[in-house]
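User: Hey, I'm new to this one. Can you walk me through it?
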Amino acid sequence: MRYFILFFAILSINSYAQKKVFHQPHAKGVWQYVYPFADRNYVFAVQYGVKDGEEDGLKTSNIYFGRIGKTDEIFWKEQVQMRLVTENINYEDFNNDGKKDLLIFEDTGARGGNAYYNLYLINTQKHTLTKVVDFNKIVNPSYNQKHKVILSYGLSGENFYSLYRISANNRPYQIGKAFKDTDELNLDKKIVEILKQNKK
């Protein structure tokens, strides 16, 4: 009977530990906590560097979104490759719903000139974060409020702009073809031209 009670106690502790995800001071990696809503029970957490033996820089990391409680409730979890830097979180409206979305830095290319990010759309009423799949393929993204497009600016031997929007199923799609940045370029005029050519 004593062994049964001991076994049950160990099992209960292990079950509880598995459900407790946030605020683990001894868990592997570097933890970062972001609170995207006024209700700070909801947390977006990054566990950076979960695998042993990886060099500094791009590391395997877990991202969790959930709600803090006696036993933390995890709504979703994903594993990504990312580089941890200071000030890696930004808020900007990328789907033109008037709500700023969560943008987290992933990595750089082209000797640091090209930055890539993951984007999570924020719904403040439902308390949800929805990942925009493949957003991290858009280089140096910014939102052009005037034309309601995502503007990408890629640095290479020659620098190029590309235009994107986010589809109803939360994926970015390109509008028209990329175009070169030149001294003669009138960016506003070029955006209008491409949008007219690709009007749906």
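This is a predicted model: local features need pLDDT of at least 70, side-chain atom pairs count only at pLDDT 80 or more; totals for chains, interfaces and linings use all residues.

User: OK, so why does Val133 count as partly exposed?
Analyst: Because its relative accessibility is 34%.

User: And where does Val133 sit?
Analyst: In the loop between β8 (128-131) and β9 (142-144). Strands here are DSSP runs of E, at least two residues, and helices are runs of H or I, at least four, numbered from the N terminus.

User: What is Val133 in contact with, neighbours within four places in sequence aside?
Analyst: Asn170, Arg171 and Pro172; contact means heavy atoms within 4.5 Å. Val133 and Pro172 are 39 residues apart in sequence, with 7.5 Å from C-alpha to C-alpha.

User: Switching topic: is Ser162 buried or exposed?
Analyst: Buried, because its relative accessibility is 9%. Ser162 belongs to strand β11 (residues 160-166). Not counting residues up to four places away in sequence, Ser162 touches Ile150, Leu151, Ser152, Gln174 and Ala178.

User: Now the largest nonpolar core: which residues touch the most other members?
Analyst: Phe44, Val46, Leu102, Ile104, Tyr120 and Leu129, out of 16 residues in that core. A nonpolar core is a set of buried Ala, Val, Leu, Ile, Met, Phe, Trp, Tyr and Cys residues joined through side-chain atoms within 4.5 Å.

User: Which element gives the largest share of this core?
Analyst: That's β2, with four residues. There's also a second, separate core of 14 residues, including Tyr117, Ile138, Ile150 and Tyr164.

User: Back to Leu102, what is it in contact with?
Analyst: Beyond neighbours within four places in sequence, the contacts of Leu102 include Val34, Phe44, Ile89, Tyr120 and Leu129.

User: What order do the strands have in the open sheet of four?
Analyst: β5-β6-β7-β8, with antiparallel pairing. Two strands pair if DSSP finds at least two bridges between them. The edge strands, β5 (89-92) and β8, each pair on one side only.

User: How many bridges join β7 to β8?
Analyst: Four, and these two strands run antiparallel. Tyr120 has Lys131 in β8 as its bridge partner.

Notes:
Residues are numbered from 1 along each chain as its sequence is written. Side-chain values use heavy atoms; hydrogens and water are left out. Buried means under 20% relative accessible area, exposed over 50%, partly exposed in between (1.4 Å probe, protein chains only).
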